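Biologist: Please take a close look at the charged side chains in this model. I would like to know where they sit, what they pair with and what they contact.

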Amino acid sequence: MTTIAKAAQAGTYSFGGRSVARLGYGAMQLAGPGVFGPPRDPDAARAVLREAVALGVNHIDTSDFYGPHVTNQLIREALHPYRDDLLIVTKIGARRGADASWLPAFSKTELEQAVHDNLRNLGLDVLDVVNLRAMFDVHGPAEGSLEEALTTLAGLRQRGLIRHIGLSNVTPRQVADAQRIVPIACVQNQYNLAHRGDDALIDSLAEQGIPYVPFFPLGGFTPLQSDALSTVAAQLEATPMQVALAWLLQRAPNLLLIPGTSSVTHLRENLAAADLALPADALAALDGIADPIRAA
Ligand SMILES: NC(=O)c1ccc[n+]([C@@H]2O[C@H](COP(=O)([O-])OP(=O)(O)OC[C@H]3O[C@@H](n4cnc5c(N)ncnc54)[C@H](OP(=O)(O)O)[C@@H]3O)[C@@H](O)[C@H]2O)c1
C-alpha cells in the first residue's frame, strides 16, 4: 500500500459550505520541535504543503499558536494565493508561553487579536472556519462555560471576519450549549483507534450532518503502537498508520481526517489509506484495541 492516492478517493463531506475530501492534512508538525519556533528545514515544510494540495487535499488544519505564527506563515508562503476549493481551518483560545507552554487566551481582547493574527499570517480577509479551543484543561475536555467567548466569536462573524465557528477539546454538554448560541460547523477533539471516548458524540454529530475532526488520529506525539494493529497491517500489506486512518474513515461518514506529518513520504503513505478496505475480521481485531479506561 504505497501507491499515491488522491485525497478525495476517501470520499467527500460537506464542511464550511464546501465539499472537502475526507482525507485532509494537519499542519502542526511543520513547526519546530515541541511545536515551538521554526522547522529545521522550512523548504521541506513548504514542500509537504504543496504536495498535499497537489494530491487533492482541500482541508488544512492549523493555528496561529503553532510556532507561534510559524505554520500559518509556511502555509501562506507555500500556497498563497489559495485555490478556491481550499478550506483552511484555524483555532484560537490558547497562546504560548516563552517556555513553550500552552496557556489559555480566552479574553475578548485575546480572541479578537488571535483572529487578526490568523488573518495577517495566512494572508486572508476572512477566515473560513475558526475553532474555539477550550482550555479549562489543556489535556482534555472539561466542563466550563464557553458563552462569553462564543459571543465574541459571533460578533467577529457578524463583522465578516469569520465564516464558520467550530469547537475543539469540548464536552458533549458544551457542544449542546454552544449550539444554542451560534451554529457549530465542526467539533475537533482527540479520537483514534485507542482513544474512543467520543463515540456517542460522533454519532450525534453525524445525525446532524456536522463534521467531527479527530485530532491525534495517528496517536499524536507518540504514534499508535499495538500488536493487533501491526498484525492487521501485515495481513493487508499496508502500514499500521494506513490501517489506523482507514479504521477512522470507516467509523462514520462525518469523520474528516487531518493526519499530521513533516514528511512528504509519510504524507503520500497516509493519503494512500483512502484505497484501503478493511474486511470484517480486520475490523473486529481493530475494534478490540480501544483503551477501556479512556473509552469508559
Ligand atoms: N485541537 C487541538 O487541540 C489539536 C491538538 C493536536 C493536534 N491538532 C491538529 O491535529 C493534527 C493531527 O495531529 P498530530 O499531527 O499532532 O498527530 P497525528 O496526526 O496523530 O500524528 C502525527 C505524528 O505521526 C507521525 N506520522 C505521520 N504519518 C506517519 C507515517 N505514515 N508513518 C509514521 N509516522 C507518521 C508524525 O511524524 P512525521 O512528521 O515524522 O511524519 C508525527 O509524529 C495536527 O496537525 C493539528 O492540526 C489539534
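Modeller: Helices (H or I, at least four residues) and strands (E, at least two) are DSSP runs, numbered from the N terminus. The model is predicted, so local features need pLDDT of at least 70 and side-chain atom pairs count only at pLDDT 80 or more, while totals for chains, interfaces and linings use all residues. Residues are numbered from 1 along each chain as its sequence is written, and side-chain values use heavy atoms, with hydrogens and water left out.

I start with R22, which is placed in the loop between β2 (18–21) and β3 (25–26). Lys and Arg count as positive, Asp and Glu as negative, and His and the chain ends are not counted. A salt bridge is a side-chain nitrogen of Lys or Arg within 4 Å of a carboxyl oxygen of Asp or Glu. Buried means under 20% relative accessible area, exposed over 50%, and partly exposed in between (1.4 Å probe, protein chains only). R22 is buried but has no salt bridge; D203, the nearest side chain of opposite charge, is 11 Å away. The R22 side chain does reach the backbone oxygen of A252, at 2.8 Å. This is a polar contact: a pair of N or O atoms within 3.5 Å, where within protein one must be able to donate a hydrogen and the other to accept it, and residues adjacent in sequence count only if both atoms are side-chain atoms. Leaving out residues up to four places away in sequence, R22 touches residues that include A10, Y13, L248, A252 and L257; contact here means heavy atoms within 4.5 Å.

Other charged side chains are paired. Side chains of opposite charge can pair when their charged atoms come close. By the salt-bridge rule the count is 15. One of these joins R18 and D128, at 3.1 Å from N to O. R18 belongs to strand β2 and D128 to strand β8 (residues 127–133), so the pair ties together parts 110 residues apart in sequence. R18 is partly exposed at 22% relative accessible area, whereas D128 is buried at 8%.

R46 is in helix α1 (residues 42–54) and E77 in helix α2 (residues 70–79), distant parts of the chain 31 residues apart. R46 is buried, at 17%, and E77 is partly exposed, at 40%.

E51 is buried, with a relative accessible area of 18%, and R268 is partly exposed, with 32%. Salt bridges with shared partners also connect R18, D128 and R163 in one network.

A polar side-chain atom of R133 is 2.8 Å from a ligand oxygen, and an N or O atom in the side chain of E269 is 3.1 Å from a ligand nitrogen. Of the accessible area of 900 Å² that the ligand has on its own, the protein covers 88%; such areas come from the Shrake-Rupley method with a 1.4 Å probe, and for residues only the protein chains shown count as cover. The largest share of the shell around the ligand, three residues, comes from α9.
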